[in-house]
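Let's take a walk through this protein together, stopping at a few places where its parts meet.

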Amino acid sequence: MNRSDPVTAIYPGSFDPVTLGHEDIARRTLRVVDRVVVAVAETATHAKQPTFDLEERLAMLRDVFEDEPRIECVSFSGLLVEFAKERGASAVVRGLRAVSDFEYEFQMAQMNRELHPDLEFIFLTPDVQMAFLSASLVKEVARLGGDVSPFVSTPVLRRLVAHFRGER
Ligand code: ADP
């Protein structure tokens, strides 16, 4: 890679749905790289059945990052390292909220390094206000009729309310 080439980082995840914590990490990443590719995994990582289908998750991400041309939102299937190679990315970014995230992230990073030694993993911590946020907790609160407006952007809030209205 030429040093003057733009540096791209992949931000992979399930984003089911994207929260303000994810947004914070993606925008922070732009402080250290030129472009971020937010990549929604088509195949769920820890065998989680997604609440929102792939198209809905992508649509929410695109709405949320509409203002930022340096962030692109796409989906990918198969190995993350292969996708990173295809996109010419030199790094993968992941968010670390607490020690509980660490072990899994550390394992994944080591395995991915075996598969693709040139790819670097960058771990960023969110704003302290987002440190307790998870998509699953937000969904749990929304499902029970709680107000999740402090935790997600407006387009996501709209879809969450619509989704869970039918379940209550
Ligand atoms: P995955 O299913 O791969 O864990 P998620 O969509 O849950 O994907 O999360 C994607 C990435 O964003 C992970 O690195 C996760 O730790 C990080 N993340 C999720 N929520 C937050 C948050 N509130 N603050 C910081 N990072 C977060």
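This is a predicted model: local features need pLDDT of at least 70, side-chain atom pairs count only at pLDDT 80 or more; totals for chains, interfaces and linings use all residues.

Helix H2 itself spans residues 54-64, and its buried residues are Arg57, Leu58, Met60, Leu61 and Val64. They lie on the same side of H2, because they cover an arc of only 160 degrees around the axis. An α-helix has 3.6 residues a turn, so residues three or four places apart point the same way.

Glutamate 23 sits in helix H1, which covers residues 20-29. This glutamate 23 is buried but has no salt bridge. Its nearest side chain of opposite charge belongs to arginine 27, 4.0 Å away.

Next, find strands S4 (residues 91-95) and S5 (residues 120-124), which run parallel and are joined by 5 bridges. Between S4 and S5 the chain passes through helix H4 (residues 99-115), making a right-handed β-α-β crossover. Across this pair of strands, arginine 94 stands opposite phenylalanine 123 in S5.

Our last stop is leucine 80, in helix H3 (residues 80-86). Is leucine 80 buried or exposed? Its relative accessible area is 14%, so leucine 80 counts as buried, the cut-off being under 20%. Setting aside neighbours within four places in sequence, leucine 80 touches Ile10, Pro12, Val92, Asn112 and Phe121.

Conventions
Residues are numbered from 1 along each chain as its sequence is written. Side-chain values use heavy atoms; hydrogens and water are left out. Helices (H or I, at least four residues) and strands (E, at least two) are DSSP runs, numbered from the N terminus. Buried means under 20% relative accessible area, exposed over 50%, partly exposed in between (1.4 Å probe, protein chains only). Lys and Arg count as positive and Asp and Glu as negative; His and the chain ends are not counted. Two strands pair if DSSP finds at least two bridges between them. A crossover is right-handed if, with the strands pointing away from the viewer, the path from the first strand over the helix to the second runs clockwise. The arc is that of the directions from the helix axis to the C-beta atoms. Contact means heavy atoms within 4.5 Å.
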